[in-house]
Amino acid sequence: MSTSTYKRFEDPESGSLPDKMTVYQECLQAFNASPIKAKKCRALLSRLLRLLYNGETFQKTEATNLFFSVSKLFHNADPSLRQLGYLAIKELCSISDDVLMITASIMKDIQGAEPVFKPDAIRTLSRVLDGSTIHAAERAMRNCIVDSNQAVCSAALVSTYHMLPVARDVVRRWANEAQEAISASKTLVRSPYTTHDNFGASARLPQSTYFHQYHALGLLYHLKKQDRMAMLKLIQQLTSRQSLQSSFAVLQLVRYVASMLQEDTSGQLAQQFWPLFNSWLNNKSEMVELDAAKVVLAPSSRFNQEQQLKAITTLQELLSVPRTVTRFSAVRLLSRVALADPEMVRACNSDLESLVNDPCRSISTYAITTLLKTGNAQSVDRLVKTIAGFMGDISDEFKVVVVEAVRTLTLKFPEKHSSLLVFLGDALRDEGGYNFKNSVIEAIFDIVKFVPDAREAALELFCEFIEDCEYTELAVRVLHLLGEYGPKAKKPSLYVRHIYNRVVLENSIVRSSAVIALSKFALVGDKQLTASIRILLQRCLQDVDDEVRDRTALSLRLVEGAELKSSTRARALLQPETRFSLAALEQQLCRYVRSKDKTSFSQAFDIKVVPRHTEEEILATEYKAKIAVEDDMASMSTQAKMETITSKNEAHILSTEGGRSSSKPVAASDLAARSNLLQQQYSQELSGIDEFQDYGLLLHSSGVVELTERETEFIVTAVKHVFKEHIVIQYNVENTLKDIQVEDVTVMTQLDTDDYKEETAVPAAMLKPDSSVCVYVSFSRPADHRMVLATMTNSLAYVSKDVDESTGEPASDDEGFPDEYQIEDLAITPGDFVTPCFTGSFTSSFDGLNNEEVAVYNLGRSEENPLAKVVKRLSQSMSMTPLEGSDMVDSSASHTLKLFGKSINGDKVAALVKLVSSSKGVMMKTQVRSSDSELAQMLANQWE
Amino acid sequence: MPINTSLYTVEAVVIVDNKGKRLFAKYYKAPHEDAVEDIVINKKKQLQFEKDLFGKTFKQGNNEIILFDNHAVVYNEFPDSILYVIGSLGENEVLLYNVLQGLSGALEIVLKNEVDKRSIQEFYDLVVLAIDETIDDGIVLETDSTAIAARVTNAPAEDVSNIKIDLSERGFLNAFKFAKKNLSERLQQGF
């Protein structure tokens, strides 16, 4: 290396990293020198750490060399060098060998009295030791925990905490010291080595910050959490005498109580702990207030409404504090609550409205989306007006979020389409980039698809839009939509002019899609219109672009064919009634191509085995996918996923359609495919099993039914798969035992009807500890494809063997003993024969079906059956799509649920469920109409 | 909703300069457990994460918090560098912010109110000690900035050594003179 580059690395001003090998050499040299020069060595250590903290790593031998050289520095007594030395050792520990060698030197410092580096020594020790060597440090660590220096005590507690996973049994013996540390008073110590000019006179070192309480409590919890009584006692102790001074410790306590509440099955604890939460909701620390509110408002919380409202009030107050982060946290929490229970958050609406103009953009985004969620049918108009007011002031990214939120509103309140459409129309006319325009288009697409009443107005908007649309991609999509829905409108000729204008004025890509759209109008049946379209198309034959000419020629040919009426084929090609399920097509093709049996290639691929979906079915799955995103969000896991997506693209923070926003321009079939993913997966798994090869197409798979409690030795869940002539029950068996392996797992079933005959069973050969397998049992369905309800009793049969802990295998001579395990009954319900479906107008579909069945039930006390829960359970058990936003329960007194679905035989079924909650209990009146009277009867009378 | 009952709350501390280049980065994992997230050990992912995060936060108005790539991130902008404290998505944002405030305050004390790229690099030892005294592998040790700063040692003022060897020209001449004098005395005494 030349001197000049060497100099460059020396110069801190240059900002570039020091050379790795130079630092390595210099460190070895200086650290091994005698006598040790403290200042130089500290500077070198600082450079070494700079390398490490920039992500540079050393080879193991180099790291070990460095590690031992640093340990040589212990010959020098300078505390400031020692402190940095410990930091270096801590960082090098994980990449070096033989780190144990240094224990003795560290122990000397720990037993010594120098307060400056004693805590650092303790913390470093926990990196060097492991489960087998911790005994050596036991006495010293205990002494440190009771030390009156707060830093020493904290360091010892934290180090102990780090050691928990490897040395729980040893650490357990220190519980008393930890317990004492919570209440003991500790002080901070100042040393001449750590005096900084800037402390000044004003900022004096506090006597104690009580942080050791946080660490002690954290440690104690992990030692005691299995013992419920001990935890209750601890909580009582810590809250009765205000003994916790540190707000971090209080926060930790809130979390421990929360996790106890979560595990509590009786539901008594919540009320018992309410006084505590009440005080925490008014804590001096904002973070405690937030966490307490989070617990009280959690979806599974057992606090009553009044108590939850108290938490909302706390959050409301936090909305107006000066700290950005606190406001953010509060509004984020509120928006989460609004997903599950918009009613509750409505009290904060005025505060949320003032946050709309918050300087922090994330906060204002949350505020708006929360506002839109809390909006009910009455307030939508006003809300939309408010939003329209500030649309001009905000950036494009942000507008996208707003439009997405408005779009969910249109799905939720189809009857409000007029004002929402006006809003979207204005947005479409506004200036804006591609992403913004695209989201508006998407929103209007949804209106066209799902709100038939608004269809024509929306199409009109589109006609206006393509007149001066600068984005080719969007123009093409709009043209396609016009071609699809235009001919179904009252006056198709209206759209023809707009489309033909494109043929005259636009580029070739738009022209070619306009040609296809035009050709669809020829099929309306209006002779005059058809004739004029043919004239228009013939003109297009002169186009300069060959793609346009090709498409025109093809369209003309098809139109002529369709006119002859003899050819239904041409018509089918122009306006297909059904579409292939693309996911299924892909799967079938893959199977065909990957087939190991060479002879199967002698036959051509049979396209007929691929299921086709009608328009309605596709819409249903699409609708479900869009609504489902919102449902799922109540549960945390998807929330997290959603926020990942949204936070990647900050603009989409909490856009309710988070799942979709990442891939906006997806085709309908693609969306449908995604919601069908699970079904696809099932069908793939089943088709992989020889016994079920010739069962044909999987018609319907039920949701997962739990057949055991969640905390038993074996957790069993079941999924019912319905085929044309068979029904297959898939049992997922999970072994939670650590020391038992079971073999030959089968499920013995006993049905209460003779209509189903057991055919085959596919047992699982082996179930290892902590793993799961699938067991299948198949039945033949009655010959006339009737839908028969049944209940089956199940028990798990297996041979169990003890597992040797060291090898993880059972002893070879262990023959095991056969055993049985009783699990709950499984019922074949009407819902198993129904798939969710969509219809644009529920009322007309409902009126159109002739066989009606009515049933009335009293479901029991309203506390146990909140309407929202009943609604969710109903749509799940009946396996039908809730329509017109009727799955959102607005009031707690009464609700009307509209469900629509289709049986596996193709019969449509619609259900109108009216729920009234009163002091006498929850009354339910179910009206089911279907083209199949038997199905209607079954569905109406089902309520478990 | 999973409740984080462990003391491990901070996932990473990162300082980058005004071009998004890393000045300090430490992704925490419990010392005796395996890393839960890939990002803790994968340097490439870390750099990408920092780059994207920087793009989303640098000179974007005074926001102080962002939910980013499955993390809750609070940050503090200094004149030509940014300090990030990173936690999990479900972590209490105000807790993270308290850590950030404590650390920022401590840095201001030890760097004499001049927290910028140059002084961070020049007094790197003080910076890393302050961070180490605030967070120990993900566990918050202290959030009071004076208390943190009071744990950070200053660098030794000068090398105190037992044998003082003056290697300057004058020192050398002195030594030479001393030797010459002694030698000539001895010679004159005739051994």
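## Two loop residues with positive phi

Tyr210(A) sits in the loop between helix 10 (175–183) and helix 11 (211–224) of chain A; helices (H or I, at least four residues) and strands (E, at least two) are DSSP runs, numbered from the N terminus. The phi of Tyr210(A) is near 60°, a positive value in a residue other than glycine. Is Tyr210(A) buried or exposed? Tyr210(A) is buried, with 20 other C-beta atoms within 10 Å. Here a residue is buried if 20 or more other C-beta atoms lie within 10 Å of its own, exposed if 12 or fewer, and partly exposed in between, with C-beta atoms placed from the backbone.

This is a predicted model, in which local features need pLDDT of at least 70, side-chain atom pairs count only at pLDDT 80 or more, and totals for chains, interfaces and linings use all residues. Residues are numbered from 1 along each chain as its sequence is written, while chains are lettered from A and ligands numbered from 1 in the order in which they are written.

Asp98(A) also deserves a look: its phi is near 50°, a positive value in a residue other than glycine. Asp98(A) lies in the loop between helix 5 (79–93) and helix 6 (103–111) of chain A, and is exposed, with 9 other C-beta atoms within 10 Å.

Chain B has an open sheet of five strands in the order 2-1-5-4-3, with antiparallel pairing; two strands pair if DSSP finds at least two bridges between them. Its edge strands are strand 2 and strand 3 of chain B, each pairing on one side only. Neighbouring strands are turned by 20° against each other on average, direction ignored; axes are lines fitted to C-alpha atoms, for helices over the stretch in contact, and angles run from 0 to 180 degrees between N-to-C directions.

Strand 3 of chain B pairs with strand 4 (residues 71–78) of chain B in the antiparallel sense over four bridges. Among the bridge partners, Leu67(B) has Ala72(B) and Ile66(B) has Val73(B). From strand 3, Ile65(B) and Leu67(B) point one way and Ile66(B) and Phe68(B) the other way, and all are buried. The hairpin of these two strands has two residues between them, and in it Asp69(B) takes a positive phi near 50°.

## Core and chain contact

The largest nonpolar core has 302 residues, and those with the most contacts inside it are Val406(A), Leu518(A) and Ala130(B). Its largest share, twelve residues, comes from helix 9 (residues 150–172) of chain A. Such a core is a set of buried Ala, Val, Leu, Ile, Met, Phe, Trp, Tyr and Cys residues joined through C-beta atoms within 7 Å.

Where do the two chains meet? The contact takes 69 residues from chain B and 80 residues from chain A; residues are in contact if their C-beta atoms, placed from the backbone, lie within 7 Å. On the side of chain B that touches chain A, the largest share, seven residues, comes from helix 2 of chain B.

Key
Two residues are in contact if their C-beta atoms, placed from the backbone, lie within 7 Å.
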